[in-house]
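I set out to record the surface, the overall fold and the aromatic pairs of this entry. My notes follow the model below.

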Amino acid sequence: MNKALESLLDLLDLEQIEEDIFRGVSRSALVPRVFGGQVAAQALVAAGRTVPADRPAHSLHAYFLRAGDPGAPIVYTVDRIRDGRSFTTRRVVAVQHGQPIFHLSASFQTDEEGLEHQTGMPPAPDPETLPTAAKMLPRHLPSHVAERLIEARAAVDLRYVDAPPWATVGQPREPRSQVWFRTNGKLDSAVDASLLHVCLATYVSDMTLLDSVLLAHGRGGWAVGDVVGASLDHAMWFHRPFRADEWLLYDQESPSASGGRGLGQARIWTQDGQLAVTVIQEGVVRVPR
């Protein structure tokens with residue numbers, strides 16, 4: 001396990017300061033605000049800490065309300081909305097400087113037998129045949145930008161199936177993209193809780209989903225600076241168990257952009273073809289004036 005992954009696990013190991021109240025810190029991001037995937041993952045950790053371990057998360061719905069300050073701690077307050085026979089519901093509010101910056105509702109469920117079906121996994125190349133981000137990024141971005149992006153994502157081995165938006169600036173194409181990802185190192189038994197794998201996938205899910213919006217317009221995105229944007233809301237449904245330290249295919253597309261907003265939707269698959277997660281996100285996507 002590399003130091004970046006150890007640092008990410010520490011980031012998700014929130015401090016409990018009172019019953020149902022937790023405190024987290026932030027890490028540096030590409031922009032001067034808290035990375036959305038971080039606050040979403042930490043909020044899910046806070047919710048999960050108040051739920052029995054035999055009730056895994058099955059969905060979350062969240063809104064990003066204000067830009068987070070990476071230099072200040074984030075306090076997560078959990079409301080125990082419902083504890084039913086099969087389902088448990090939690091609401092989490094993240095606060096900085098006396099103001100809410102994010103809120104999340106999450107639902108957890110006991111394991112049950114039931115109807116079973118899924119759509120087919122899309123074709124994708126073997127992730128081991130694709131270049132790592134550390135090799136790919138310097139080919140297309142200025143060295144200082146590539147270094148910052150590599151550092152920000154060092155805990156994750158993320159490999160693009162097709163060229164990312166910053167590699168094809170000025171060339172609009174179909175608003176679809178795929179990446180393979182896994183943690184940059186195996187998780188040992190001490191950090192092997194199913195909640196952690198779900199929270200790690202939540203963290204990564206905010207990294208590339210809105211890229212598909214950019215592809216339709218030949219925009220390079222946040223790394224290039226030809227658009228400005230931020231996440232507005234985020235929803236995830238966890239269908240089947242998975243491990244975040246094993247390859248997962250993130251198949252993404254954008255069905256619409258309008259009114260200064262772009263919508264991304266995606267599915268996350270295990271390498272053996274199991275549909276693990278569905279993700280939908282809307283974000284602000286604006287062309288600078």
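I looked up the surface first: the protein chain exposes about 13,700 Å² (Shrake-Rupley method, 1.4 Å probe), and carbon and sulfur atoms supply 50% of that area. The model is predicted, so I noted that local features need pLDDT of at least 70 and side-chain atom pairs 80 or more, while totals for chains, interfaces and linings use all residues. Residues are numbered from 1 along each chain as its sequence is written, and side-chain values use heavy atoms, with hydrogens and water left out.

I then checked burial: 47% of the 289 residues count as buried, meaning under 20% relative accessible area with a 1.4 Å probe, protein chains only.

For the fold, I found six helices and twelve strands, which are DSSP runs (H or I, at least four residues; E, at least two). Among contacts (heavy atoms within 4.5 Å) between residues at least 6 apart in sequence, 72% join residues at least 24 apart.

I next turned to the rings and recorded four aromatic pairs, with ring centres within 6.5 Å; planes under 30 degrees apart count as stacked, over 60 as edge-to-face and the rest as tilted. Phe 35 sits in the loop between strand S2 (21-24) and helix H2 (36-48), whereas Tyr 203 belongs to helix H5 (residues 194-208), 168 residues apart. I listed Tyr 203 as buried, at a relative accessible area of 3%.

I also recorded Tyr 160 and Trp 166, whose centres lie 5.7 Å apart with planes at 85°, so this pair is edge-to-face. Both Tyr 160 and Trp 166 are buried.

Key: Buried means under 20% relative accessible area, exposed over 50%, partly exposed in between (1.4 Å probe, protein chains only). Rings of Phe, Tyr and Trp (its six-membered ring) pair if their centres lie within 6.5 Å; planes under 30 degrees apart count as stacked, over 60 as edge-to-face and the rest as tilted.
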